[in-house]
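Here is a short briefing on one protein model. Keep the structure open while you read, and find each residue as it comes up.

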Amino acid sequence: MKVTVCIGSSCHLKGSRQVVETLRRLIEENHLENKVEISGTFCLGQCQKGVCVTIGDTVYSVTPETTEDFFQTQILSKV
Ligand code: FES
């Protein structure tokens, strides 16, 4: 599974770095390093939704506060 986090300036201001760090930690804790790949991307043109996180063709709106929830529902339950 490929998870892409927007690190454009608007999403950065909304905490994309923290989202990435939290996702990395959760992936490690759940031993999913071989199954989930995290990468960054530049602005996706949907800044109002930031922090934008994409899985496949779907763009999700995530915040540092909702990252854990997002991980449980969109990543952990699907790998
Ligand atoms: S900066 Fe993330 S969508 Fe624009």
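The points below go from the sheet to the helices, the core, the loops and the charged pairs.

This is a predicted model. The largest nonpolar core has 20 residues.

- Start with the strand order, which is 2-1-3-4. The sheet is open, and its pairing is mixed.
- Which strands sit at the edges? They are strand 2 (37-41) and strand 4 (58-61), and each of them pairs on one side only.
- Neighbouring strands are turned against each other by 30° on average, ignoring direction.
- Strand 3 (residues 52-55) pairs with strand 4 in the antiparallel sense. Four bridges join this pair.
- To find the pairing by eye, look for I55, which stands opposite T58 in strand 4.

**The helices on the sheet**

- Which residues of helix 3 are buried? T67, F70, F71, Q74 and I75 are.
- Those residues are on the same side of helix 3, because they cover an arc of only 110° around its axis.
- The cover over the buried residues of helix 3 includes strand 1, helix 2, strand 3 and strand 4.

**The nonpolar core**

- In soluble globular proteins, nonpolar side chains tend to be buried together.
- Three residues touch the most other members of the largest core: L23, V53 and I75.
- Strand 1, helix 2, strand 3 and helix 3 each give two or more residues to this core.
- Which element gives the largest share? Helix 2 does, with five residues.
- Look closely at L23. Leaving out residues up to four places away in sequence, L23 touches V3, V5, I38, T67, F70, F71 and I75.
- Four of those names return from helix 3, where T67, F70, F71 and I75 are among the buried residues.

- A cis peptide bond joins G50 and V51, with omega about 0°.
- V51 belongs to the loop between strand 2 and strand 3.
- H31 has a positive phi, near 55°, although H31 is not a glycine.
- Where is H31? It is in the loop between helix 2 and strand 2.
- H31 has a relative accessible area of 66%, so it counts as exposed.

**Charged pairs**

- Side chains of opposite charge can pair when their charged atoms come close.
- How many salt bridges does the structure hold? It holds two.
- E37 has a relative accessible area of 43%, so it is partly exposed.
- The side chains of R25 and E29 also meet in a salt bridge, at 3.3 Å from N to O.
- Both R25 and E29 lie in helix 2. They are four residues apart, which is about one turn of the helix.
- Are these two buried or partly exposed? E29 is partly exposed at 48% relative accessibility, and R25 is partly exposed at 39%.

**Two exposed serines**

- S9 lies in helix 1 (residues 9-13). Its relative accessible area is 61%, so S9 is exposed.
- S9 and Q74 are 65 residues apart in sequence, and their C-alpha atoms are 24 Å apart in space.
- S77 lies in the segment after helix 3. S77 is exposed, since its relative accessible area is 52% and the cut-off for exposed is over 50%.
- S77 and T63 are 14 residues apart in sequence and 19 Å apart in space, C-alpha to C-alpha.

Terms used. Residues numbered from 1 in each chain as written. Predicted model: local features only at pLDDT ≥ 70, side-chain atom pairs only at ≥ 80, totals over all residues. Heavy atoms only, no water. Pairing = 2+ DSSP bridges. Axes fitted to C-alpha atoms, helices over the stretch in contact; angles between N-to-C directions. Buried < 20%, exposed > 50% of the residue type's maximum accessible area, 1.4 Å probe, protein only. Arc of directions from axis to C-beta. Contact = heavy atoms within 4.5 Å. Core = buried A, V, L, I, M, F, W, Y, C linked by side-chain atoms within 4.5 Å. Salt bridge = Lys/Arg side-chain N within 4 Å of Asp/Glu carboxyl O.
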